[in-house]
Amino acid sequence: MEKDRGDSANQFFGGLGSFLRKCLFRILSMGPIPNHIAFIMDGNRRYAKKQGMEEGAGHKAGFLALMKILCYCYELGVKYLTVYAFSIENFKRKPEEVQCLMDLMLEKIGELLKEESVVNQYGIRLYFIGNLKLLSEPVRVAAEKAMAATAKNTKTVLLICVAYTSYDEIVHAVQESCKDKRNEIEALYASKVSNGVTEGVEEGENINGTIEHDVQGSCESSLSKSQALNTTRACNGVIRVEKKKGVILHAVQGSCEDKWDEVMSRTSNGVTEGVADSKKKQWMHPTIKLVDIEKNMYMGVAPDPDILIRTSGENRLSNFLLWQTTNCPLCSPSALWPEIGLWHLIWAVLNFQQSRYYFEKKRKQL
C-alpha cells in the first residue's frame with residue numbers, strides 16, 4: 001500500500017513538473033529561441049570529490065545531467081546542441097583515468113543507440129567532432145557506427161566533441177583547404193596538358209613560355225627577382241612559373257606561401273593585363289578564402305553557437321570553439337555540471353534574448 005501511494009505521488013509530481021515546464025517554455029518562446037547551444041561540461045571530478053564518490057562516478061552523474069539537459073533543450077525547440085566531452089589535452093591525465101573515460105564513453109555510446117533512448121525519442125542525429133584517429137579503436141568504431149545509425153534523423157542534432165581542441169580544428173581546416181586547392185591547381189594544369197599547351201614539359205624546361213619547377217622542402221620569406229619562389233616552412237608542393245610577355249607569374253601549391261599576397265597583388269594591379277586578350281593561355285592560381293577554411297572545420301556541419309554555457313563558474317573557453325564563438329555570449333553558472341538544472345538553462349536563454357540584438361549587430365558587421 002505504502003509503495004503504491006509513493007508511486008502515485010511520484011507520477012503526480014512528475015506530471016505537474018512536466019506541465020509547469022511546458023508553461024515556462026511557452027512563455028520563453030514568445031521571444032527568440034537559440035538555434036544552437038554549446039556546453040563545456042566542467043566539474044564532474046569536483047562533484048565526485050564533493051559527494052565522496054569513487055573516481056569515475058562523477059562522469060556517470062554528468063552523463064545523467066546531459067540526458068536531462070538534452071530533453072529540456074529539445075522541448076524548448078533548440079535545434080543544435082554541442083558538448084565538450086573530451087579534450088586532446090585530457091590524454092595527458094593519468095592512464096587509468098583516460099582508460100576509465102574511454103570505457104565510459106564506449107558504454108554510453110551504446111546506451112544512446114538503444115530504442116528507448118533520448119536519441120530515438122527526439123530523432124537526434126549524432127556527430128562526433130574532433131580528431132577521431134586519436135581515440136582507441138573500439139571507441140572510434142562505436143562513434144562511427146552511431147553516426148551512421150542516426151544519419152537519417154533530421155529533427156535535432158547533437159555534436160559530441162571528443163579528442164578535440166580548437167587549435168587542432170583550425171590546423172586541420174587549413175591543411176584540408178591547402179589539399180583542396182592543390183587538387184584544383186593540378187586539375188587545371190592537367191587540362192592545359194590535355195589541350196597541348198604544356199606537352200612535354202620537364203623539370204626546368206621552358207615550353208611555350210612556361211618554366212616547370214618541382215620544389216619540395218621548406219619556405220623562405222624572401223622572393224628573388226631572378227628566381228622562382230622558394231619555400232622554407234614545412235611546405236610540400238609544386239611551384240610553376242609561367243612567363244607571359246616578359247612577366248613571370250607564380251602559381252604556388254602547398255601548405256604555406258609567404259609571398260602569395262605579393263604575387264596576387266601584382267596580378268590584381270594589372271601587371272598581367274592583356275595576357276587573356278593575347279591568344280596565349282594564362283595560368284590562374286586559386287586562392288584560399290575564409291569560406292574554404294570554414295567548410296573544412298570539424299564544426300562545419302552546424303551553425304555557430306548562440307549561447308556557450310560553462311558550468312562551475314569558470315569563464316575560460318579552454319580551447320573550445322574559439323573560431324565559432326566570436327560573437328557568442330558566455331554563461332558561467334556556479335553549479336558543477338552534474339548539478340545543472342532547468343533554471344540554469346532558463347536563465348541562459350533569458351540573457352540570450354536580452355543581448356540578442358547586440359550580438360546580431362556585431363555579426364552583421366563582420
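**Note on the predicted model**

1. Of the 366 residues in the protein, 45% count as buried. The structure under review is a predicted model, and the remarks below should be read with that in mind. The protein contains ten helices and twelve strands.

2. The accessible surface of the protein amounts to about 20100 Å². Carbon and sulfur atoms account for 52% of that surface. As for the contacts in the protein with a separation of 6 or more, 70% are between residues 24 or more positions apart.

3. One surface feature involves helix H1, which covers residues 2–28 and includes Leu20. Leu20, together with Leu16 and Phe19, makes a nonpolar surface patch of about 280 Å². Leu20 itself is partly exposed, since its relative accessible area is 44%. That value also meets the requirement for patch membership, because a patch residue must have over 30% relative accessible area.

4. Two residues deserve a comment on backbone geometry. Most residues other than glycine have a negative phi. Ala163, which is not a glycine, has a positive phi of about 50°. Ala163 belongs to strand E4, residues 156–164, and is buried, with a relative accessible area of 0%.

5. Ser318 is placed in the loop that runs between strand E11 (307–310) and strand E12 (330–331). Its relative accessibility of 29% makes Ser318 partly exposed, whereas Ala163 is buried.

6. How many disulfides are found in the whole structure? The search finds zero. A disulfide is a covalent bond between the sulfur atoms of two cysteines. For Cys328, the closest cysteine sulfur is that of Cys331, at 8.3 Å, which is too far for a bond. The cut-off behind this reasoning is 2.5 Å between the two sulfur atoms. Cys328 is buried, at a relative accessible area of 11%. Cys178 is buried as well, with a value of 7%.

7. Ser177 is found in helix H7, which spans residues 166–194. Is Ser177 buried or exposed? Ser177 is buried, because its relative accessible area is 1% and buried means under 20%. The side chain of Ser177 reaches the backbone oxygen of Ala173 at 2.8 Å. Apart from neighbours within four places in sequence, Ser177 is in contact with Ile288, Asp292, Ile293 and Asn296.

8. Pro338 sits in the loop between E12 and helix H10 (342–365). With 12% relative accessibility, Pro338 counts as buried. Which residues does Pro338 contact, leaving aside its neighbours within four places in sequence? They are Gly43, Asn44, Tyr47, Gly58, Ala61, Gly62 and Ala65. Pro338 and Phe63 are separated by 275 residues in sequence, yet their C-alpha atoms are 7.9 Å apart in space.

How values were computed
Residues are numbered from 1 along each chain as its sequence is written. This is a predicted model: local features need pLDDT of at least 70, side-chain atom pairs count only at pLDDT 80 or more; totals for chains, interfaces and linings use all residues. Side-chain values use heavy atoms; hydrogens and water are left out. Patches are made of residues with over 30% relative accessible area and no salt bridge: like charges are joined within 9 Å, nonpolar side chains (Val, Leu, Ile, Met, Phe, Trp, Tyr) within 5 Å. Accessible areas come from the Shrake-Rupley method with a 1.4 Å probe; for residues, only the protein chains shown count as cover. A salt bridge is a side-chain nitrogen of Lys or Arg within 4 Å of a carboxyl oxygen of Asp or Glu. Helices (H or I, at least four residues) and strands (E, at least two) are DSSP runs, numbered from the N terminus. Buried means under 20% relative accessible area, exposed over 50%, partly exposed in between (1.4 Å probe, protein chains only). A polar contact is a pair of N or O atoms within 3.5 Å; within protein, one must be able to donate a hydrogen and the other to accept it, and residues adjacent in sequence count only if both atoms are side-chain atoms. Contact means heavy atoms within 4.5 Å.
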